[in-house]
Amino acid sequence: MNAALDPTTPRPAAPTTAWELLRADFPILDQRVHGHPLVYLDNAATSQKPRAVLEAIDRYYRSENANVHRGIHELSNRATAAYEGARARVARFLNARSAEEIVFTRGTTEAINLVAHAWGARVRSGDAILLTEMEHHSNLVPWQLLAQRTGANLRYLPVTGDDGGLEVDRLGQLLTPEVKLFAFTHISNTLGTVNPVAELCARARGLGVVTLVDAAQSAGHLELDVQQLGCDFLAFSSHKIGGPTGLGVLYGRRELLEAMPPWQGGGDMIANVEFYASRWNVIPHKFEAGTPHIAGAVGLHAAMDYLDRIGRQRIFQHDQELAARAYEQLAGLAGIRLLGPKTGRAGLVSFHFSDVHAHDVVTVADQFGVALRGGHHCNQPLMRKLGLESTARASFYFYNTAGEVDRLVEVLREIRRFFHVPL
Amino acid sequence: MNDLSDLYQEVILDHSRSPRNYRPLEAPQRQAQGHNPLCGDQVTIYLAFEGDVIKDISFQGSGCAISKASASLLTESLKGRSTAEVKRLFDQIHALMTTGQSRGADLGKMAVFAGVHKFPARVKCAMLPWRAVVAALEDEGRAPTVSTE
């Protein structure tokens with residue numbers, strides 16, 4: 001074995017940066033996988049959780065746990081305060097006008113499905129929904145279902161090619177009066193493209209088209225201001241920003257949320273129930289049927305506090321530095337095809353080797369302790385358009401280091417050696 | 001690194017780089033497609049018989065080293081076998097790939113797939129051509145498609 005890859009080879013001590021010190025906040029990072037130090041580069045799939053989040057959830061279950069909104073006893077008051085406090089924190093996190101514009105869901109996917117159902121109730125046959133070719137299946141299939149229910153049509157703003165841009169010039173042609181909603185991702189989970197959200201929203205708003213931004217890949221990585229972006233809806237997931245799984249957020253402009261019918265029935269979403277009819281609760285409760293993920297909201301609150309102590313602007317800068325470092329070194333490997341923009345990319349790099357399949361890359365990398373993702377990244381139509389079946393992807397977060405990027409490249413060289421292909 | 005060289009044995013690397021019987025049959029009597037939607041792996045198996053015995057078998061497709069080598073070795077090991085033998089072999093291969101044990105069965109070169117069981121995510125890749133060949137044998141109609149999902 002190459003000495004550099006031998007886990008017993010002593011490594012030179014690198015100067016410790018402030019970023020590396022943050023790693024101590026993430027207990028999970030301090031472990032070996034298959035005998036090697038874990039290098040976790042699957043952050044676009046899910047992020048790891050800082051101790052502050054783990055402790056907040058633990059504290060909630062130990063001292064505050066009760067059901068929310070209807071209890072009169074002390075614990076229920078505490079749980080309600082914690083849950084609604086998290087909602088107010090999300091409103092600040094996104095600079096929404098009020099906490100009433102924040103709906104908790106199970107995740108980004110459910111948030112988009114909520115809009116496709118509840119807002120979608122006004123969609124009629126012949127209407128059109130505009131998407132882009134780089135949407136994750138979660139911002140594509142809910143609209144296909146809506147189109148099937150209503151007879152509406154789907155349209156796609158094309159992706160330029162491997163460089164991962166959007167053909168924004170085509171917007172004028174596509175945004176005709178039939179289009180009722182334009183849904184698009186902020187950051188592509190496959191390409192690493194950062195889309196010009198404010199510009200796209202302004203174009204749509206000028207024509208009275210409602211906008212939805214899939215912020216799953218951006219919420220934990222850069223500052224979001226829904227008023228500045230000018231979007232009508234925005235969705236993200238707790239688990240990708242350091243919070244627990246099973247919780248997501250839908251931001252919706254008040255006027256739209258108020259005009260929308262509920263989409264799930266049950267407790268908490270009603271004002272009054274009779275045997276044959278009910279009246280709905282006010283927003284946002286109208287969209288939260290049943291006992292919510294209270295502990296999840298508490299964990300998300302802690303995650304947002306944690307991120308904002310670091311500063312999301314600084315996080316994005318760090319992401320970009322790591323992505324640029326990875327891109328530069330990977331571009332030097334033989335037989336590699338890199339997806340997405342050369343510059344200004346978000347913190348992920350997706351690549352394809354002409355002679356080693358992505359699943360083989362990911363399997364072997366895992367044996368060196370490097371966690372990557374391989375496959376179509378829930379972007380099947382885009383992959384097909386680019387003539388690819390699968391790619392391998394490395395995605396970074398603030399606790400990743402330049403040393404880990406170098407380690408990735410070293411391991412990829414070893415993988416090519418392993419499969420006897422040119423370096 | 002032992003697990004890794006168990007998974008990617010030289011035979012597997014060799015067959016993935018230069019797959020045997022990699023061509024369509026001119027007049028296949030049966031054929032079936034295997035598809036893994038997770039990674040896009042695709043394999044088509046072509047079969048020709050003499051009575052109940054496989055006279056010729058070939059494949060085409062694209063995929064990872066494991067699925068390609070599995071298809072290549074499958075074509076080598078099934079020529080001259082009866083339908084009943086193929087089905088028995090399928091069960092033995094499945095047991096080998098999921099447990100690492102051959103349970104006394106003589107699997108010839110296919111025994112190199114014992115290492116797959118330590119990589120649960122990759123069992124589907126290795127089994128894909130086997131699922132396709134069984135689908136081809138069971139389906140009286142033409143060209144069924146099997147999926148790992």
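**Chain contacts and aromatic pairs**

Between chain B and chain A, an area of about 1,500 Å² is buried, and carbon and sulfur atoms give 60% of that area. The model examined here is a predicted one. At this interface, 21 residues of chain B are in contact with 16 residues of chain A. Polar contacts join 10 residue pairs between chain B and chain A, counting pairs with both residues at pLDDT 80 or more. On the side of chain B that touches chain A, the elements giving two or more residues are α1 (2-7), α2 (10-17) and α3 (65-78) of chain B. One salt bridge is found across the interface of chain B and chain A. In a salt bridge, the side chain of B:Arg122 meets that of A:Asp360, at 2.9 Å from N to O.

Attention now turns to the aromatic rings. Over all chains, the search finds 16 aromatic pairs. One of them is formed by A:Tyr306 and A:Phe398, a tilted pair with 6.0 Å from centre to centre and 35° between the planes. Because A:Tyr306 lies in helix α10 (residues 294-310) of chain A and A:Phe398 in the loop between β17 (391-395) and α14 (402-418) of chain A, this pair ties together parts 92 residues apart in sequence. A:Tyr306 and A:Phe398 are both buried. Ring pairs also link A:Tyr306 and A:Phe398 into a cluster with A:Phe26, A:Tyr397 and A:Tyr399.

How are the rings of A:Phe351 and A:Phe353 placed? Their centres are 5.8 Å apart and their planes stand at 70°, so this pair is edge-to-face. Both A:Phe351 and A:Phe353 are buried. A charge meets a ring as well: the charged end of A:Arg312 sits over the ring of A:Phe93, 3.5 Å from the ring centre.

Key. Residues are numbered from 1 along each chain as its sequence is written. Chains are lettered from A and ligands numbered from 1 in the order in which they are written. Side-chain values use heavy atoms; hydrogens and water are left out. Rings of Phe, Tyr and Trp (its six-membered ring) pair if their centres lie within 6.5 Å; planes under 30 degrees apart count as stacked, over 60 as edge-to-face and the rest as tilted. Helices (H or I, at least four residues) and strands (E, at least two) are DSSP runs, numbered from the N terminus. Buried means under 20% relative accessible area, exposed over 50%, partly exposed in between (1.4 Å probe, protein chains only). A charge sits over a ring if NZ of Lys or CZ of Arg is within 6 Å of the ring centre and within 35 degrees of the ring normal. Contact means heavy atoms within 4.5 Å. Buried area is the accessible area (1.4 Å probe) that two parts lose on being put together, summed over both. A salt bridge is a side-chain nitrogen of Lys or Arg within 4 Å of a carboxyl oxygen of Asp or Glu. A polar contact is a pair of N or O atoms within 3.5 Å; within protein, one must be able to donate a hydrogen and the other to accept it, and residues adjacent in sequence count only if both atoms are side-chain atoms.
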